[in-house]
Amino acid sequence: MVAKGRTGPPTLEEVAAFAGVGRGTVSRVINNAPGVRTETRLVVEQAIAELGYVPNHAARALAGSRTDAVALVITETERRFFAEPFFSEIVHAVGAGLADTEIQLLLTLVRTEKERQRFVQYARAGRVDGVLLVSVHGSDPLPDMLAELELPTVLSGRRSGDESVSYVDSDNVGGARSAVRYLADSGRRAIATVTGPPDMYVAQCRLRGYQEAIRQSFGEADPSWIAQGDFTEESGRRAMAELLHRHPDLDAVFAASDIMAAGALHTLRAAGRRVPEDVAVVGFDDSPLAQHTDPQLTTVRQPVEEMGRAMARVLLEDIEAPSAAWRHVILRTKLVRRASA
């Protein structure tokens, strides 16, 4: 409901609350995007009419001329940003994708609600022509806030299966499925997994790929063979210790990132388990780290260079020719076999 005593115009959040839907749904209705049921669209349109909500179509026009600058926003802490090779690789790839243009790339971290609001105000003031978002969690409203400003925005990955913003992603389900099938085809019969955080769609997809491969090879996946991590090395260590406690007889583990796989290797070594003789280990990403572990990691390569360049290309296309249609790009992954499996 609209807050009592409010004097300004209604916001997109208030329309969403009035209609009983998420702000992403309101954004899709406003932009006439597909994926909204007819009855839901009617409820949202009625809420817009009753509240007198006016979409901010003039925001970009009021901002003035082009700035020839785009923002690369990473919604993670400095610790994760500097610890995980993926982030430096995506920054490099996006920079390469913009190298032949006059566009300036601005890098910023958005870690708190205050920083989110500050960046939205910065974007609303017309300081950038578009935004690239990396590592967005499922509940993050930032993509929808930028969509409300009609600011071209491209995500690395997705928040859900019905993402309402343009994105470039990898085939995370297929990549995970191929990794676990490889373990099963290699004779492994007790295969566990270390997942990423459950509020990230990438982690959900990699878990789904694991479950599909287990189901195809052995029947329904037992939840006790699944341990949750958060894409950090320490969480890989903890999750591996938890899995060994539950299932001392496990003979393989699929970790949803190379960094967590490195943590799993550390725990296995400390427990006296040989890799791959006793336990095979497969990671995901094919980051530079994968070639520096002992033994080197078998892993699923996602084409980070291609992802970054595609993100830049899609954003530039949207800046030059704005379209009501979202652009969705999904890139293939590839299993890279090394000594750990």
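This is a predicted model: local features need pLDDT of at least 70, side-chain atom pairs count only at pLDDT 80 or more; totals for chains, interfaces and linings use all residues.

Student: OK, and how many residues does helix 7 have?
Tutor: Helix 7 has twelve residues, numbered 113-124, and it reaches 16 Å from its first C-alpha to its last, which is close to the 16 Å expected at 1.5 Å a residue.

Student: Which residues in helix 7 are buried?
Tutor: Those are Glu115, Arg116, Phe119, Val120 and Ala123. They cover an arc of only 140 degrees around the axis, so they lie on the same side of helix 7.

Student: And what does the face turned away from that buried side carry?
Tutor: That face of helix 7 carries the exposed residues Lys114 and Arg118.

Student: What do the buried ones pack against?
Tutor: The buried residues of helix 7 pack against strand 1, strand 2 and strand 3, and also against helix 8, which covers residues 142-148.

Student: Those strands, what order do they have in their sheet?
Tutor: They belong to an open sheet of six strands in the order 2-1-3-4-5-11, with parallel pairing. Its edge strands are strand 2 (104-109) and strand 11 (328-331), each of which pairs on one side only, and the twist averages 15 degrees from one strand to the next.

Student: Can you show me one pair up close?
Tutor: Take strand 4, residues 153-156, and strand 5, residues 166-170, which pair in the parallel sense over three bridges; here Val154 has Ser166 in strand 5 as its bridge partner.

Student: Which strands does helix 6 lie across?
Tutor: Helix 6, residues 85-98, lies across strand 1, strand 2, strand 3 and strand 4, and it runs at about 160 degrees to strand 2.

Student: Switching topic: at what angle do helix 2 and helix 3 pack?
Tutor: Helix 2 (residues 23-30) and helix 3 (residues 38-51) pack at an angle of about 85 degrees, with their axes 10 Å apart. Because angles of 65 to 115 degrees count as roughly perpendicular, helix 2 is roughly perpendicular to helix 3. Among the residues that meet there are Val26 and Val29 in helix 2, and Val44 and Ile48 in helix 3.

Student: Last one: what pairing does the sheet with order 7-6-8-9-10-12 have?
Tutor: That open sheet of six strands has mixed pairing, and its edge strands are strand 7 (226-228) and strand 12 (334-336). Within it, four bridges join strand 6 to strand 8, which run parallel.

Notes. Residues are numbered from 1 along each chain as its sequence is written. Side-chain values use heavy atoms; hydrogens and water are left out. Two strands pair if DSSP finds at least two bridges between them. Helices (H or I, at least four residues) and strands (E, at least two) are DSSP runs, numbered from the N terminus. Axes are lines fitted to C-alpha atoms, for helices over the stretch in contact, and angles run from 0 to 180 degrees between N-to-C directions. Contact means heavy atoms within 4.5 Å. The expected span of a helix is 1.5 Å times one less than its number of residues. Buried means under 20% relative accessible area, exposed over 50%, partly exposed in between (1.4 Å probe, protein chains only). The arc is that of the directions from the helix axis to the C-beta atoms. Angles under 35 degrees count as roughly parallel, over 145 as roughly antiparallel, 65 to 115 as roughly perpendicular and the rest as oblique.
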